Amino acid sequence: MTYPVHKTDAQWQAVLQEKGAEPAALQVTRYAATERPFTGKYEAHWADGSYHCICCGAKLFDSHTKFDAGCGWPSFSEAVPGAIQEIVDHSHGMVRTETVCAQCGAHLGHVFEDGPQPTGLRYCMNSASLDFEDK
Ligand SMILES: [Zn+2]
């Protein structure tokens, strides 16, 4: 899979350090690791603004689509159109839908079909993959 934005691990690490990303950010975004629930900085973060890919800065979510799913990870009911690519994920003995940044391929989390109406979607994201921008 190739994406418009491509960098080596060392280059991504430099970008992440510059942005003050969480220590797990490289493992999460490039190797699909999952941060521990209730530990991410955006899990209980409700400010007005937008959430961007920590790697390439692409806008992924508006804060008004964020909701409290009680699962321990920041959850959104709707993504910015075209911002996210979905990939079927067979890891851990489950069939899930992985979500990655459409611009750089960064792993973001998974999307489930048990979210609130009208979308019925729950984008379950890692805080480490996100970068918040105040309105
Ligand atoms: Zn990205």
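This is a dialogue about how to read a few features of a predicted model.

Trainee: Which residues does the UniProt annotation "domain: MsrB" cover?

Mentor: An annotation is taken from a record, and here the UniProt annotation "domain: MsrB", from an unreviewed entry, covers residues 9-135. Over residues 9-135 the chain is 13% helix and 31% strand, while the end C-alpha atoms are 31 Å apart.

Trainee: How many bridges join strand β6 and strand β7?

Mentor: Strand β6, which holds residues 96-101, pairs with strand β7, which holds residues 107-112, in the antiparallel sense over 4 bridges. Within this part of the sheet, Val100 stands opposite His107 in β7.

Trainee: Is Asp9 buried or exposed, and why?

Mentor: Burial is read by counting the other C-beta atoms within 10 Å, and a residue is exposed if that count is 12 or fewer. Asp9, which is found in helix α1 (residues 9-18), has 10 other C-beta atoms within 10 Å and is therefore exposed.

Trainee: Which residues does Asp9 touch, not counting residues up to four places away in sequence?

Mentor: With those residues up to four places away set aside, Asp9 touches Leu26 and Arg30. As for Glu133, Asp9 and Glu133 are 124 residues apart in sequence and 24 Å apart in space, taken C-alpha to C-alpha.

How values were computed: Residues numbered from 1 in each chain as written. Predicted model: local features only at pLDDT ≥ 70, side-chain atom pairs only at ≥ 80, totals over all residues. Pairing = 2+ DSSP bridges. Helix = DSSP H or I, 4+ residues; strand = E, 2+ residues; numbered from the N terminus. Buried ≥ 20, exposed ≤ 12 C-beta atoms within 10 Å, placed from the backbone. Contact = placed C-beta atoms within 7 Å. UniProt positions renumbered as here; feature names shortened; annotations may be inferred.
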